[in-house]
Structures are given as C-alpha cells and as structure tokens.
Amino acid sequence: MSDAVRQLKPVPLWKHFADLNAVPRASKQESRVIEFMRSFGEQNGLETIVDGVGNVVIRKPASPGMENRTPIVLQSHLDMVHQKNANVKFDFESQGIDMIVEGDWVRANGTTLGADNGIGVASIMTLLESKDIAHPPLEALFTIDEETGMTGAKGLKAGVLSGSIMLNLDTEEDRELTIGCAGGVDITMERSFSMQPVAGNARTWRLAVRGLTGGHSGTEIHLGRGNANKLMNRLLWHACEQFKGQISSIEGGGLRNAIPRESVAELLVPLEHSESFSRWFENESVIIRDENLATDPHVVVSLEPLEPAANVIPAELQRILLAVVYACPNGIHRMSPEVAGLVQTSNNLARVLVRDGQMTLGCLTRSSVNSERDDLASAITAAFGLLDGKITKTGDYPGWKPVPDSAIVKLMSKLHQEMFGEPAHVLACHAGLECGIIGRNYPEMQMISFGPNIRGAHSPDEKVQISSVQKYWRYLLETLNRIPALTA
C-alpha cells in the first residue's frame, strides 16, 4: 500500500506519514492515534504526556550548542477527515489509507489522504526522532478533534506549554505564511415529525447530485464550487411547485467543514405529471451541469425510477423546509474591505438530512470579525427557526488576530526571500486554525503557520505535492536553525 511513498525524500518524513496513515484517526475517534503517538514518544525516550482531553505533548531538549535558543512549540492535529467517493468500498475503521504516487503528487485511492494535517504530524515526528538535526528546545503539541470542533485546542490548559514561539504546520500553500485566521460556529437544527401516507397515485424517483468538486469550506469557499445541498433543493423546489412532488427523503452533505459533494433524494410525482417531470428534469440537469462546468466539471445530475415509497413529508412542512434551505446563505457573505482577496465572512450549508421522521440541517459559519460571524449566525438561526425545531450553536471558536511585525514573521519572511528568491505571501486565511484558540491561554506566544502544497483537502481529491514537501522541509529546518537566542 505505502511502499512507494516510503521511498520518497525526505525518507524519514514519508516513513512517518505512511505509519500514521495506517492508523484510523477520524475526529472524535482518536484513541488509537493518541496511543500511537504516546508510544512513539516513549519509545524515543522523550518526556511524553497526554492531557485530560487527549492532546499529546512530547518534549525534546535542544541539540548540543542550541540550549540557549528560544524554545519552540511545533503544533499539528492528529485527526483527519474521513471521506470517500460513493462507489469506493473502504472501511476507515479497519483499513489504512491506500496511497498512490502519481508524478509529483501523492493521493489516496478514492478517499481523503490525510495530508491535512498528517504531513505536519510526520514532520514533527521526524524532528523528535532525529539524532543529527540542529534545533532549539522543542515541545511537540499534537491536538485532537481539530476538524469537527477544535476541542483539543479548547481543552489545552494554560501552563502546559513553555515555548515562546509556536510553529503551526497546517497551512496548505508553500508560499504562504499565515498569521491570522477566521473564527467559526456550528449551527444545527433538529426536529422530529410524523411522516404521512402518499396522497394519490404517484411514481417514485431517486434524484441525485454527485461528482461535485467539494473541498475545504474555509480555504476553498471563494472558488464558487457547487454545493450539493443547494443544487438538490433547487431541483426539489421547482419539482414540488410545478409537478406537485412529495418528498420521501433527502440526504446531502456530511462534514461541517467540507463543501457538500453529493445529495440524494426520493421524490413522488403524480402519475399524470410523470412524463412532463422527467422531460423537465433532463433539461434542468443540463442547465445545472453547464452552470457548474468551470468549477465542477464532473458533476452528474441523475434521475431513476424506484419502487413505490409509502410515506412522505407533510405538505406544509415540506414547503417550509424547501423555503428555508433555499433562503439559507451559502458561500461568501462578505469580502474583507481591508485585506484584498480575503474572505471575511461565509457560510457552508453542510448537511441536509430528512429521513423516517427526523430532520437535520447543519451549517458552519466563519468570519474573521466575531460580531459579523454572530450576525450571520443570527440570520441563519432566524430562518431555521421557521421549522420549529431545536437549534443549537456549538463549537464557537475565536479568530486569530494577525501580528505582522512579530519577530518570527520577520525572520521567516526574510528567510523565504533568501532561500527561494521570492517573497512569501504573508496573510490571514479564512480557514479555522487552532492558533487563535491556543492563544487565549498563551497570549504572549508568537505564532505562525506554514506548510506544503495540499490540494482538495477534506475531499477524496486530496493530494500533496512531493517537491513542495521537500521545499517546506528545508524551510522548516532552516527556520529552526535560525531561531535566536533567548533574551535576558
């Protein structure tokens, strides 16, 4: 599975990445990877602790001659997004990631790869295990549950870390130095209801939207990619309005921070409208494909007959549900008026599930301005409230305020120009990084984030560039080598 990956350079880093990818590590199911990391630290004779929430901290003394340098925290998260293509048979609970080398890229066979944030984890493991790499005193912080709530970062207590500078290895563009990020909040609406028998003679159809590009709902929200939940709702809205459709079920999207790639619904259409509905759908599917050709060239919008369904959503609830989802904001809400090209506020309609008398809608709302995030969340909550369900706001985390004149930003900016002959892109990002949360308990710690080129994170299209990993690795090593001495 991973032999070709283990032969890539730098060999120790890729070896650790392959070892890590053999361990199931879904968010909120990290017990095996926590034990894996604890064993790694102890086997290398290093001070290793697991805190009360499951974060692993491993400490390594400075290499000879660097004892007086500023202590460094190296930080990455242990969990990964588990997603696969619908036609792929794969058990994340028991199988290691099946990795493939294609030219200058490593990808997985129909699943997420785990380069986010596995390359960062493997980099830190390589430094901890090394005998010949020069480095200051190191504290490795491996957090849990970054992808579904950042509960590891939130649970990290003050006083655990003693380092003065934190290098977060969770950026996905190798020319970028990230020095700030958005905060976010999850909004969920849940309710129960009674299904009702089908009214009249009707034909049952399965509607499907598949093959969208998807991706990270923070770093790739500005690319305008199709959201399967919104596209499916568009189809259902018009089908129910024009052809008196009755919905039996909807299942679209999944993870809060992944742009939904697929949605499937069961719809009953009266027999007298069946043929006209089928013709309309064929035309509408062409329109949707054409609209999304540039961003989602592989989208498939399909229709197929099913065995008759017995029960449907009550008509009035169906009307309100479709109206709420249609009205729910999705994508960019506002660009930053101060930082060119930066998404300031957005929303991802991540989940629409209606089945057997249960209904769930889920969003992740992000902003680098907390008040604007909260205002958009209130607007979404107001819309969701029309469904008379239980609405919860969870996972609230703060943004990370940029400090562009900090010593580590200056050092790494100068070093990038020196090593690569071009300036780094110093910026804030729209993704949620753990730096802002950790910074609440460590306000004096300087922080910066960087990493190699990773494409398609949070989707089965995820891949990491081999040459970029090599570039990033050289940059990391030279940064550690140039960390200044402690000031008196």
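Predicted model: local features only at pLDDT ≥ 70, side-chain atom pairs only at ≥ 80, totals over all residues.
**Cis peptides**

I looked for cis peptide bonds and noted one between Lys-9 and Pro-10, with omega at about 0°. Pro-10 sits in the loop that runs from helix 1 (3–6) to helix 2 (11–21). I noted another cis bond between Asp-116 and Asn-117, where omega is about 5°. Asn-117 belongs to helix 4, residues 115–129.

**Positive phi**

I then turned to phi. Met-150 is not a glycine, yet its phi is positive, about 55°. I placed Met-150 in the loop between strand 6 (138–143) and helix 5 (151–155). Met-150 has 3% relative accessibility; the cut-off for buried is under 20%, so Met-150 counts as buried.

His-458 is also not a glycine and has a positive phi of about 75°. The loop between strand 22 (454–455) and strand 23 (463–465) holds His-458. Its relative accessible area is 2%, and I logged His-458 as buried.

**Gln-465**

Strand 23 contains Gln-465. I found Gln-465 buried, at a relative accessible area of 17%. Which residues does Gln-465 contact, leaving aside neighbours within four places in sequence? I listed Asp-104, Trp-105 and Asn-453. With Asp-104 there is a polar contact between the side chains, at 3.0 Å.

**Salt bridges**

Side chains of opposite charge can pair when their charged atoms come close. I counted 24 salt bridges and went through some of them.

Asp-19 pairs with Lys-15, and their closest N and O atoms are 3.7 Å apart. Both residues lie in helix 2, four residues apart, which is about one turn of the helix. I noted Asp-19 as partly exposed at 23% and Lys-15 as partly exposed at 30%. Arg-6 joins Lys-15 and Asp-19 in a network of salt bridges.

Arg-175 and Glu-422 form a salt bridge through their side chains, 3.3 Å from N to O. Arg-175 is in the loop between strand 7 (165–168) and strand 8 (176–181), and Glu-422 is in the loop between helix 10 (407–420) and strand 20 (425–429), so this pair ties together parts 247 residues apart in sequence. I have Arg-175 as partly exposed at 28% and Glu-422 as partly exposed at 25%.

Glu-372 and Arg-334 meet in a salt bridge of 2.9 Å, N to O. Glu-372 is in helix 9 (residues 370–384) and Arg-334 in strand 16 (residues 331–335), so the pair ties together parts 38 residues apart in sequence.

Conventions: Residues numbered from 1 in each chain as written. Heavy atoms only, no water. Helix = DSSP H or I, 4+ residues; strand = E, 2+ residues; numbered from the N terminus. Buried < 20%, exposed > 50% of the residue type's maximum accessible area, 1.4 Å probe, protein only. Polar contact = N/O pair within 3.5 Å; in protein donor to acceptor, adjacent residues only side chain to side chain. Contact = heavy atoms within 4.5 Å. Salt bridge = Lys/Arg side-chain N within 4 Å of Asp/Glu carboxyl O.
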